[in-house]
Amino acid sequence: MEIPVIKMDELYGEKRTETLSRLHDACAQWGFFWLENHEVNEELMHMMKVLVNKHYEHNMEKSFYNSEKAKTLAYEKAASNVDWECSFMYRHRPKSNSHDIPEVFRTTICDYAEELVKVAEKLAEVMSENLGLEKDYLKRAFSEPSVGIKVAKYPRCSHPNLVMGLREHTDAGGIILLFQDDLVPGLEFMKDGKWVQIPPTKDNRIFVNLGDQIEVMSNGIYKSICHRVLPSENGSRLSIATFYNPGSDAIIYPAPKLTYPTQYRFQDYLNFYSTAKFTDKVSRTQFCQYSFSQDGVGSLSSSFKQFPLNLTLMPTLGHEAQQKVTKFQ
């Protein structure tokens, strides 16, 4: 099972339509994907990795193995309610806690966070576009975004069958951008009822997954997927996860344009359905939202002219449906 790969530079080039379509499918069918060509400074990414690993080895590793949960595992007792991880949280926006971060990489982590914010905002724009919303919809809906970085090490574990690195969960927030270990695996995401292993990062790729609030705002079109981390007896795994979340006071609700339509003629729906039967249901339902005017129930054919068609969905339509849509644009 091949995880979707999105090349960010192609979202703005000749392959834009094709790449937008691939991104839409990744968000709707998977809830996660690899991101390449993201333009985050490679030297900055390298420094983050080096400094975090060094800080862990010098300041965190010994105390972790001396902790109660580590001692419990030494007696080969299963631990079902703990996570085999060693971590700290850097809050970047709206209020920074940089004074709590080790001085050795205080500047680096701040600069890294700013780079990742730019990536998240670009993704929010194209995701909004893919959903048929205003380009800045998600950014506005997030209000003043909350941005933070969870820096974690999943230490080598002598009894990986007795504990989870991180218990299965979905992420609460918005867009999560993960820069992870390039050697040690462990991250798994659920796909079609089965756990899919996310391989170690290569070539500074960023792994992106969507949080619960994106699923809500997209009215369930985009998915927040359950995931977990398995510990390894072969080494410690690095995880640097940047969370681009709604602000704490943001009011969360499905985008009105994406909620189910309340009025349309069934015959009009059948007429459209006859040419779009084998497209996904979401695309048909989105279209039907534009089937009536403010004055009352309208016809699907007349609404073609008003419908802000998401061109990335065109490849999912049958040939007849594509011709019909194009005719009215």
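How many aromatic pairs does a search of the whole structure find? The search finds ten aromatic pairs.

## The model

This is a predicted model, in which local features need pLDDT of at least 70 and side-chain atom pairs count only at pLDDT 80 or more, while totals for chains, interfaces and linings use all residues. Residues are numbered from 1 along each chain as its sequence is written, and side-chain values use heavy atoms, with hydrogens and water left out.

The protein chain has ten helices and 13 strands. Helices (H or I, at least four residues) and strands (E, at least two) are DSSP runs, numbered from the N terminus. The chain has 329 residues, and 51% of them count as buried. Buried means under 20% relative accessible area, exposed means over 50%, and partly exposed lies in between (1.4 Å probe, protein chains only).

A contact means heavy atoms within 4.5 Å. Take the contacts between residues at least 6 apart in sequence: 78% of them join residues at least 24 apart.

## Nonpolar cores

In soluble globular proteins, nonpolar side chains tend to be buried together. A nonpolar core is a set of buried Ala, Val, Leu, Ile, Met, Phe, Trp, Tyr and Cys residues joined through side-chain atoms within 4.5 Å. The largest one here has 66 residues. Y112, L123 and M127 have the most contacts inside it. Helix α4 (residues 106-130) gives the most to this core, with eleven residues.

Which residues does Y112 touch, not counting residues up to four places away in sequence? They are V40, L44, M45, M48, I149, F179, I240 and T242. A second, separate core has 17 residues, including I3, F32, I176 and I198.

## A buried valine

V147 is found in strand β4. It is buried, with a relative accessible area of 2%. Leaving out residues up to four places away in sequence, V147 touches R91, H92, R93, V117, T242, F243 and Y244. V147 and P94 are 53 residues apart in sequence, yet their C-alpha atoms are 7.2 Å apart in space.

## Salt bridges

Side chains of opposite charge can pair when their charged atoms come close. The rule used here for a salt bridge is a side-chain nitrogen of Lys or Arg within 4 Å of a carboxyl oxygen of Asp or Glu. The whole structure holds 14 salt bridges.

One of them joins K150 and E85, with the closest N and O atoms 3.1 Å apart. This pair links distant parts of the chain, 65 residues apart. K150 lies in strand β4 (residues 146-154), and E85 lies in the loop between α3 (68-74) and β3 (86-93). Are these two residues buried or exposed? Both K150 and E85 are buried.

E114 and R93 meet in another salt bridge, at 3.1 Å from N to O. E114 is in helix α4 and R93 is in strand β3, 21 residues apart. E114 has 30% relative accessibility, so it counts as partly exposed. R93 has 27%, so R93 counts as partly exposed too.

K135 and E125 form a salt bridge at 4.0 Å, N to O. K135 sits in the loop between α4 and α5 (137-141), and E125 sits in helix α4, ten residues apart. K135 is exposed, at 54%, whereas E125 is partly exposed, at 28%.

## Aromatic rings

A pair of aromatic rings is described by the distance of the centres and the angle of the planes. Rings of Phe, Tyr and Trp (its six-membered ring) pair if their centres lie within 6.5 Å; planes under 30 degrees apart count as stacked, over 60 as edge-to-face and the rest as tilted.

The search finds ten such pairs. F64 and W84 form an edge-to-face pair, with 4.9 Å centre to centre and 85 degrees between the planes. F64 lies in helix α2 (residues 42-65) and W84 in the loop between α3 and β3, so the pair ties together parts that are 20 residues apart in sequence. F64 is buried at 5% relative accessibility, and W84 is buried at 3%.

W30, F32, W34, F189 and F207 form one aromatic cluster. A charge sits over a ring if NZ of Lys or CZ of Arg is within 6 Å of the ring centre and within 35 degrees of the ring normal. The charged end of K191 sits over the ring of W30, 4.6 Å from its centre. R205 lies over the face of W34, at 4.2 Å from the ring centre.
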